[in-house]
Amino acid sequence: MIKPQNSVSILFSLLILLSFSSLHPPFLDDGTLTLTLSESSKSETSNSRRSYVVRFIDYKDVESHRDYLIWNIKSDGWEWIERRNPAAKFPTDFGVVSIEDSVKMEIIGEIEDLSKVKDVSLDFSYARSLLEVEKLERENGFCNVKKRPGKIFTRMSFEDEEGVEAHPSSLSNHTINWQRHLLGKKSQVTSLFGADVLWAKGYTGAKVKMAIFDTGIRAKHPHFRNIKERTNWTNENTLNDNLGHGTFVAGVIAGQESECLGFAPDTEIYAFRVFTDAQVSYTSWFLDAFNYAIAINIDVLNLSIGGPDHLDLPFVEKVWELTANNIIMVSAIGNDGPLYGTLNNPADQSDVIGVGGIDYTDHIASFSSRGMSTWEIPHGYGRVKPDVVAYGRDIMGSKISTGCKSLSGTSVASPVVAGVVCLLVSVIPESSRKRILNPASMKQALVEGASRLSGPNIYEQGAGRVDLLESYEILKNYRPRASIFPSGLDFMDCPYAWPFCRQPLYAGAMPVIFNATILNGMGVIGYVNESPTWHPSNEEANLLSIHFTYSEVIWPWTGYLALHMQIKEEGAQFLGVIEGNVTVKVYSPPAQGEKAVRTSMCVFQLRLKVIPTPARSKRILWDQFHNIKYPPGYMPRDSLDVRNDILDWHGDHPHTNFHTMFNMLSDAGYYVEILGSPLTCFDARQYGTLLLVDLEDEYFEEEINKLREDILNTGLGLAVFAEWYNVDTMVKMRFFDDNTRSWWTPITGGANVPALNDLLAPFGIAFGDKILNGDFSVNGEQSRYASGTNIARFPAGGYIHSFPFLDRSDGGASQNVLTSSLVKENSPILGFLEAGEGRISVYGDSNCLDSSHMVTNCFWLLKKILEFTSGNIKDTVLFSDSVRQAASMYIVDKQLPSRRTDVNFSAYSAVMGKELICRTDSRFEVVGTKGYNIQVRGRNRKLPGYHAFDMGRSSNSSIDTFDRKIYSTIPQKASDSVSNKYFGLFYTDEVDMPVMVASHWLVPGIIAASGLCFLLFFSFWRIRQKRRRRRKGSSSRYPNV
């Protein structure tokens, strides 16, 4: 039996524990999620086998690798796959095995535990064709898509035939119209580059080994003088080109037909047939073909292919090995323009010459993919690509058997540059070629000799149009050296220096990052032993502080140099231009016959525009940290109306697919800063609005708590643009991928709505799981709502806008949108709320801001939202009394979208299972910490080389001094919602009439005080009971005396 005193103690302890649990509720399941297949999937895959690439540490003959695995793997369910191709007679560093799905984890584990094995990965396949949409089935509607066999690849070229009016870009929703020829008569592309000048000097590409990785070529083709070798790497028994693409590419490089001359007619052609007639290839085919190219000492390799998967490590690392063996690789940048962030791999690798396309008027071709590279996002910034551009529209080349034809595309521009490279290689005497020429020195000659075009920016044209004769002059007198590409950054040089010329630097901002490439022509490996140095040109330039991240080891041939630039606090009122340069010294081992280490000093010029720190209301912070893109996971498209683009892979960055929005905000006088670290890593007092757009990741508990405080008590504005999220739809969007022999299912929706709902829970706001489509109008402004979601919860006192839309999330997805039987229902999609000192706006769709699949933009709405969240300016239409919520909009938790339990989300997340830390994209003073309001705010902290900063209030703060009020509100309802773990702005009648309290300890304070009152009351009650018993006992005893 429990004594009363113990009961009181236990009850009081429980109350205290409850008070702390209310502050720190469980946010995410710490356990590892496991991938489970549905019953249908299990039945479909239970007996299937997959091919895997096993990479070994050393090169050995095939038999040695095979016997090693047979001897050491004890389990059954696997077999070695024999590869019969020309590379079989050479040592190799990999093998291909087939493993049954039922035992794959056990066998892969056994293989990876072997000491001579590097790793095991799926044998990815490549397809140079469009993604297709299956014929719509009634049960799946717009959700069920498939892709052709192979890895996703850009369409490589376009026919320019009569009657062909338009061509779709491979992975975008854009259409390219080329019916109108730019020139009445097609020009010889060789004459436009002055190839005849070098021909007259006797340079024709002689004794240059040129590998063409494509669809093959026919024997004894009349257009070619020197077809040295044809090899087949596919599973088809032919060497011939049955599609014509490989022949065309070879013609641009080395054709001798007068109607379609190539650049280097005496080049030795090595035709690698790596694509089938169905335009399919596999990683293992490429690995074998690359190994063979290395073995036979190829000089130049053209790869007119590309795709978005830069995480196929066996492929990517083999490209590194290829270039490390002094093979100059030229590759097409992709045909996914005019979208930004659409660079294709391997052209986006720094050791590869990535080629974009222009037309004959020196305009960037609409089909040409744009930079920046997206490998580095979210914590860094992308590199400059393409490297150069070349004519890629209406180019003449050879047909399969005889005659010429015209094609367009970056896969045509790539062989133009490859032909230029072959011609340049032949300029150098054969005896000294390997000493002088390498992937870095050739890229130096091309980018330094290129002619910059007047209109396009650096992420459209790179260094500019290839200039054969200028590059020839550079190579003629070349001495091995290192350099930086681009050679400088000038904020005054618009539009070439976009986006940097659009937004000056100012004190207090997030670091502006520029990522340059180090080209080391001195050797395949180089070293940076000392940190780069900033040399200001005058006293004012000392206001610039630069943090450097860079490659300490440069391999193969290239590295990176990233400048993280901030204006110091004392420059808060500075207006002017800062100039100077950055130097970095590169070392390389001595070449053969040399004794001294090779050294080269690289110089990077800087010219930066600086302005006084803008007003807080004009500063917007973009959350990049919580974005997840393809690869590595299947991130689905945002607009389900788009049928030929199943993946979200453009970076979701203001300088990639949101670049039009960025330009609009710049024109409107706003300043957009990028946050690539958690939400704890910024000082909310510096920003008018935090902008969350199309985010897929989870949130740390500290982020949720800090954002709540930032809005309620610091006056931060929050603008959220969500996306669709519906588990049933995600399941229907799965497709069977033949290269992995598995079902691909989206790991989240267009946005991670359950995570956003956690973030918004302290304010009583939540999104639902509808998928809404339709047009609507506000005050004469027409907008398209494309696969957006609905608002499911919203507090009283806020403003909600609802419109009649089709809900395609349940049943409607199986019907045509235009079917008259479908009923439109009013759905809330746009909300405004005043919360403490801050303001919140939520909208359920981001496609109207995203250039990828935008039908109509909603920039007008974004401006109105920012006017409210940053400046408390209320549009009379958006804030009319007719849309003010008299009562709370509320549904229970089980009706809200839930997280998928069949996906290992932690494998893709930067939050789940990860450490909360501010990275180098954050303000220097919090780098390496957990951020503001966690352990730093209010303390002065000095880092080596930097001035001390007041973490409580920066000297350049654009906020007026005021007596801070700490806000919270008293909840009316704290019922069944998990969200109600917070006492915040919850379903109150008037959220703009807050009660002044010490909000941080409100919850434990209330509960602890209640517990104390209960304890006092209980103690008082017990004392009274004892007294009564005593009185009663004494009266009963005396009569008995």
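Which residue does a disulfide join to Cys 848? The legends below take up this and other close-ups of a predicted model.

**Figure 1. A disulfide joins Cys 848 to Cys 858.** The two sulfur atoms of Cys 848 and Cys 858 sit 2.0 Å apart. The S-S bond has a torsion of 55 degrees, and the link of Cys 848 and Cys 858 is right-handed. Cys 848 lies in the loop between strand S42 (838–843) and H19, and Cys 858 lies in the loop between S42 and H19, so the pair ties together parts that are 10 residues apart in sequence. Is Cys 848 buried or exposed? Cys 848 is buried, and so is Cys 858.

**Figure 2. Cys 260 is bonded to Cys 404 in a disulfide.** The S to S distance is 2.0 Å for Cys 260 and Cys 404. The disulfide of Cys 260 and Cys 404 is left-handed, because the torsion about its S-S bond is about -60 degrees. Cys 260 belongs to the loop between H7 and strand S12 (268–273), while Cys 404 belongs to strand S19 (residues 404–408), so the bond ties together parts that are 144 residues apart in sequence. Cys 260 and Cys 404 are both buried.

**Figure 3. Cys 681 and Cys 918 form a disulfide.** The sulfur atoms of Cys 681 and Cys 918 are 2.0 Å apart. About the S-S bond of Cys 681 and Cys 918 the torsion is about -95 degrees, so this disulfide is left-handed. The pair links distant parts of the chain, 237 residues apart. Cys 681 is in the loop between strand S31 (671–675) and strand S32 (689–693). Cys 918 is in the loop between helix H19 (859–871) and strand S43 (940–941). Both Cys 681 and Cys 918 are buried.

**Figure 4. The structure holds four disulfides.** A disulfide is a covalent bond between the sulfur atoms of two cysteines. How do the disulfides pair up, and what pattern do they follow? With bonded cysteines counted along the chain, the pattern is 1-2, 3-4, 5-8, 6-7. Cys 602 is a buried cysteine, with a relative accessible area of 1%.

**Figure 5. Helix H7 (residues 245–254) crosses helix H10 (residues 410–425).** Two packed helices are described by the angle between their axes and the distance between the axes. Here the axes of H7 and H10 come within 8 Å and cross at roughly 40 degrees. That makes H7 oblique to H10. H7 passes H10 in a right-handed crossing. On the H7 side, the contact residues are His 245, Phe 248, Val 249, Val 252 and Ile 253. On the H10 side, they are Ser 411, Val 412, Pro 415, Val 416, Ala 418, Gly 419 and Cys 422. The residues of this contact of H7 with H10 divide into nine nonpolar, three polar and no charged. Cys 422 has 0% relative accessibility and counts as buried.

**Figure 6. Helix H18 (residues 753–760) is mostly covered.** How many of the residues of H18 are buried? Eight of its eight residues are buried. They are Val 753, Pro 754, Ala 755, Leu 756, Asn 757, Asp 758, Leu 759 and Leu 760. The cover over the buried residues of H18 includes S32, helix H16 (701–714), strand S33 (717–721), strand S36 (766–767) and S42.

**Figure 7. Gly 749 lies in the loop between strand S35 (742–744) and H18.** Gly 749 counts as buried, at 1% relative accessibility. In sequence, Gly 749 and Trp 724 are 25 residues apart. In space, C-alpha to C-alpha, Gly 749 and Trp 724 are 6.0 Å apart. Not counting residues up to four places away in sequence, Gly 749 touches Pro 636, Trp 724, Tyr 725 and Met 730.

**Figure 8. His 801 is found in strand S40 (residues 799–807).** His 801 is buried, with a relative accessible area of 7%. Which residues are in contact with His 801, leaving aside its neighbours within four places in sequence? They are Ser 827, Pro 828, Ile 829, Leu 830, Phe 832, Val 877, Leu 878 and Val 883.

**Figure 9. The protein has 20 helices and 46 strands.** Of its 1041 residues, 60% count as buried. Among contacts between residues at least 6 apart in sequence, 78% join residues at least 24 apart.

Definitions and conventions:
Residues numbered from 1 in each chain as written. Predicted model: local features only at pLDDT ≥ 70, side-chain atom pairs only at ≥ 80, totals over all residues. Heavy atoms only, no water. Axes fitted to C-alpha atoms, helices over the stretch in contact; angles between N-to-C directions. Helix = DSSP H or I, 4+ residues; strand = E, 2+ residues; numbered from the N terminus. Parallel < 35°, antiparallel > 145°, perpendicular 65-115°, else oblique. Left-handed = near helix turned anticlockwise from the far one by under 90°. Contact = heavy atoms within 4.5 Å. Nonpolar A, V, L, I, M, F, W, Y, C, P; charged D, E, K, R; others polar. Disulfide = S-S within 2.5 Å. Buried < 20%, exposed > 50% of the residue type's maximum accessible area, 1.4 Å probe, protein only.
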